[in-house]
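Please keep the sequence and the model in view while reading the points below.

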Amino acid sequence: MNGGHTALWDGGVRRYLGTLTSTISAADVSALAFSADGRVLAVGMGNGAVQLWDTETRQPVGAPIITPGSWIFAMSLHDNTLYVAAEHVPFQRFGLTPAAATATICQRAGGGLTPEDWATYFPGHPFQPTCGGDAR
């Protein structure tokens, strides 16, 4: 891969399956990692971003994960967790499940929606506690 394009081949490198075109501005690939079942490919870029790909559809899975590092040296996908080692940041762990994403969002937001926030963003829908049921 170079300049935001990754050639995808079958496991025996006998059949070309297609090209993955990065959603990240043209940056050189520095690391690759497949999930154990081969359904997801993590592409680490020289700018510290990681894009996950569905290998069957050859479509990106979500937005790029922006790491605090720069050049990514190594990655591993294991049990819905992405492990990344990058320049100036020796090791990072990113949970890839909806529950992990929710926990990260709730932590960064400082808690769940208040009933007032809920009414603003979801008018006409009954309030539902978020982030473990705690309203700020």
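The hairpin of strand 8 and strand 9 has 2 residues between its strands, and in it H88 takes a positive phi near 70°. The structure shown is a predicted model.

**Strands 8 and 9**

- Strand 8 and strand 9, the latter made of residues 89–95, are antiparallel and are joined by 5 bridges.
- V84 has Q92 of strand 9 as its bridge partner.
- A86 is likewise bridged to a residue of strand 9, namely V89.

**Strands 7 and 8**

- Strand 7 and strand 8 also run antiparallel, with 6 bridges joining them.
- Across this pairing, L77 stands opposite L82 of strand 8.
- The two strands form a hairpin with 2 residues between them, and D79 lies in its turn.
- D79 is not a glycine, yet it has a positive phi of about 50°.
- N80 is not a glycine either, and its phi is positive at about 60°.
- D79 is found in the loop between strand 7 and strand 8, and N80 is placed in the loop between strand 7 and strand 8 as well.
- Is D79 buried or exposed? With a relative accessible area of 63%, D79 is exposed, because that value is over the 50% cut-off.
- N80 has a relative accessibility of 52% and therefore also counts as exposed.

**The nonpolar cores**

- In soluble globular proteins, nonpolar side chains tend to be buried together.
- The largest nonpolar core here has 13 residues, and those with the most contacts inside it are A42, V50, I65, I72, M75, L82 and V84.
- Which strands each supply at least two residues of this core? They are strand 3 (29–34), strand 5, strand 7 (72–78) and strand 8 (81–86).
- Another core, of 7 residues, lies apart from the largest one and includes L20, V29, M45 and W53.
- Leaving aside its neighbours within four places in sequence, V84 is in contact with V50, T67, I72, A74, M75, P90, F91, Q92 and F94.

**S30 in strand 3**

- S30 lies in strand 3.
- The relative accessibility of S30 is 19%, so the residue counts as buried under the 20% cut-off.
- The side chain of S30 reaches the backbone oxygen of I72 at 2.7 Å.
- A polar atom of the S30 side chain also lies 3.4 Å from the backbone oxygen of M45.
- Once neighbours within four places in sequence are left aside, the residues in contact with S30 are G44, M45, G46, W71, I72 and F73.

**T55 in a loop**

- T55 is placed in the loop between strand 5 (49–54) and strand 6 (59–66).
- Is T55 buried or exposed? T55 is buried, because its relative accessible area of 15% is under the 20% cut-off.
- Beyond its neighbours within four places in sequence, T55 is in contact with L8, F34, G38, R39, V40 and L41.

**The disulfide**

- The model has 1 disulfide.
- C106 and C131 form this disulfide, and their sulfur atoms are 1.7 Å apart.
- The link of C106 and C131 is left-handed, with -85° about the S-S bond.
- C106 lies in helix 1 (residues 98–109) and C131 in the segment after helix 2 (115–121), so the pair ties together parts that are 25 residues apart in sequence.
- C106 is buried, with a relative accessible area of 14%.
- C131, at 24% relative accessibility, counts as partly exposed, because this value falls between the 20% and 50% cut-offs.

Technical notes. Residues numbered from 1 in each chain as written. Predicted model: local features only at pLDDT ≥ 70, side-chain atom pairs only at ≥ 80, totals over all residues. Heavy atoms only, no water. Helix = DSSP H or I, 4+ residues; strand = E, 2+ residues; numbered from the N terminus. Buried < 20%, exposed > 50% of the residue type's maximum accessible area, 1.4 Å probe, protein only. Contact = heavy atoms within 4.5 Å. Core = buried A, V, L, I, M, F, W, Y, C linked by side-chain atoms within 4.5 Å. Pairing = 2+ DSSP bridges. Disulfide = S-S within 2.5 Å. Polar contact = N/O pair within 3.5 Å; in protein donor to acceptor, adjacent residues only side chain to side chain.
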